[in-house]
Amino acid sequence: AGGRRDRGGAAEAEADFHRTPLLQGRSNLAQLLPLSRLGLLPEESALLDARKLRSILQRSGRFPDEHRRLVWRFLLQLPGNASAHKGLSARGQHPANAPLHDRLSLRSRRGGRLERLLSCLSHWCPLLACGPGLEGSVLPWALAYDGDELSAFEASATVLANWGQRFYECHSHPPVELLASVSALLAYHAPAVAVHLQQIGADPAAWAWPLLQSFFSRALSPADWRAVWDHLLAHEPVFLLPVLVAYVKLHGPALLAAGSAQQACATLLVDSVLRVEPWMKAAYALLDATPDDLLPRWAPFSPLPQGHSYPRHMVPQATSVVLDGRAEVERIKAEEAEILQRRYLAARAAEAGDEAVRSAAAAEARRLEREEEEERACEALEVARWRLRRPDGSAEADVRAAERYVDAMRGAAARLRGGARSRGGHSIFLADSCESRLFVGGGGGCGRRGPRGC
């Protein structure tokens with residue numbers, strides 16, 4: 001188990017990439033060397049001592065702040081391919097990073113550097129631009145190498161290609177196999193916590209994947225995050241999983257008290273106050289106690305090669321099964337979109353038909369209303385004519401009332417002329433005949449009978 005801590009142990013000593021120790025007594029020489037050459041010094045150089053770095057971690061728990069950037073450069077074996085990085089930068093902003101202007105404040109100089117870093121990574125490996133979360137993964141590295149865009153890019157690319165080597169098997173969805181390994185490790189080392197998380201519906205995709213995707217940056221302060229990565233960079237990439245499980249295990253009492261998945265996720269993802277030293281001790285103990293068949297087999301650390309370009313194959317691509325499944329999902333989405341379009345067109349046609357029916361009903365209602373008004377006009381004309389012919393000698397007294405009726409009926413006749421022309425002039429003729437009979441004193445009624453008789 002101790003060999004796991006040394007990235008393969010003595011058998012892989014020659015392949016051990018710890019070729020760059022903390023500077024010891026010759027810092028002036030290191031300051032005179034270009035940063036891109038410090039990670040390429042020969043193994044026998046007095047500036048290099050892998051055992052010195054590990055002893056510092058065991059004694060102090062972290063690397064000194066003033067030397068951390070150089071130590072990380074040594075551990076990551078950054079090649080310093082300035083021409084290759086310049087070629088990626090010359091491509092400009094990647095289209096996938098345009099929405100960053102809405103999510104991040106890129107007006108500052110630091111924000112512009114982050115945007116260029118993300119664009120370079122997306123141009124280098126287009127797979128990285130296909131899903132969310134890239135900025136959360138590389139932002140800590142951009143801050144760690146603030147002002148050194150070449151080192152920030154190469155450190156981010158190296159970390160993504162090694163410690164994130166299992167992140168993209170189901171891209172752009174959470175990695176199923178990786179999360180299953182995390183669940184198995186947690187069930188082995190903290191069974192009560194694992195059972196409780198399962199009972200409250202806290203899926204590993206909700207609490208483990210955000211921590212892995214952000215490389216713990218979303219839950220830690222910058223100082224604690226740097227201390228944790230001192231230990232991660234000093235070991236093989238698979239050490240990332242014991243560190244995660246130890247983090248969850250140390251939060252066990254709070255997780256057992258959580259009554260919902262939201263509470264459990266909040267416990268793990270929001271500003272952890274866990275001290276780094278006991279956390280790392282627990283991670284080392286957990287790594288030593290993990291059976292070989294339970295710890296997943298990851299590819300060993302592989303640095304970026306020197307040259308005028310960066311190989312894209314370093315980031316593992318999605319498997320053929322995932323790619324076929326993704327194509328099937330896209331086909332189903334296209335069919336669903338077509339079905340929704342057809343439903344929309346059918347609804348529009350139905351709405352148009354309903355509008356025609358409503359228009360016809362309104363026209364019929366207006367026609368019936370005009371006929372009723374015509375009936376009332378005819379009745380009023382007939383009553384006025386009858387009163388003018390009363391035999392009791394009071395016809396003169398009714399003349400003025402008849403005149404008022406006549407005036408009213410003239411208005412009604414005018415409305416009928418204007419509203420019923422579409423019916424062939426029948427109503428106009430009827431109104432004219434009723435009005436003429438009133439003045440000539442014709443008898444026998446107007447020829448139409450209303451509800452009460454004419």
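This briefing describes a pair of packed helices and several individual residues in the structure above. The model is a predicted one, and the points below concern helix α9 with its partner α10, the histidine H123 in helix α8, the proline P305 in a loop, and the residues Q77 and F216, each of which has a positive phi value.

**Helices α9 and α10**

- Helix α9, which spans residues 134-144, packs against helix α10, which spans residues 149-162, at an angle of about 130 degrees and with the two axes 9 Å apart; that angle makes α9 oblique to α10.
- The crossing in which α9 passes α10 is right-handed, and the contact is made on the α9 side by L134, S137, V138, W141 and A142, and on the α10 side by A152, A155, S156, V159 and L160.

**H123 in helix α8**

- H123 belongs to helix α8, which covers residues 109-124, and with a relative accessible area of 12% it falls under the 20% limit and therefore counts as buried.
- The side chain of H123 reaches the backbone oxygen of G92 at 3.0 Å, and, when neighbours within four places in sequence are left aside, H123 is in contact with L88, R91, G92, Q93, H94 and R312.

**P305 in the loop between α18 and α19**

- P305 sits in the loop that runs between α18 (276-289) and α19 (320-388), where its relative accessible area of 36% makes it partly exposed.
- Although P305 and P79 are 226 residues apart along the chain, their C-alpha atoms are separated by 6.3 Å.
- Apart from neighbours within four places in sequence, the residues in contact with P305 are P79, N81, P311 and M314.

**Loop residues with positive phi**

- Q77, in the loop between α5 (68-76) and α6 (82-89), has a phi near 50 degrees, which is a positive value in a residue other than glycine; Q77 is also buried, at a relative accessible area of 16%.
- F216, in the loop between α13 (204-213) and α14 (222-233), likewise has a positive phi, near 75 degrees, and is a residue other than glycine; with a relative accessible area of 1%, F216 is buried.

Terms used. Residues numbered from 1 in each chain as written. Predicted model: local features only at pLDDT ≥ 70, side-chain atom pairs only at ≥ 80, totals over all residues. Heavy atoms only, no water. Axes fitted to C-alpha atoms, helices over the stretch in contact; angles between N-to-C directions. Helix = DSSP H or I, 4+ residues; strand = E, 2+ residues; numbered from the N terminus. Parallel < 35°, antiparallel > 145°, perpendicular 65-115°, else oblique. Left-handed = near helix turned anticlockwise from the far one by under 90°. Contact = heavy atoms within 4.5 Å. Buried < 20%, exposed > 50% of the residue type's maximum accessible area, 1.4 Å probe, protein only. Polar contact = N/O pair within 3.5 Å; in protein donor to acceptor, adjacent residues only side chain to side chain.
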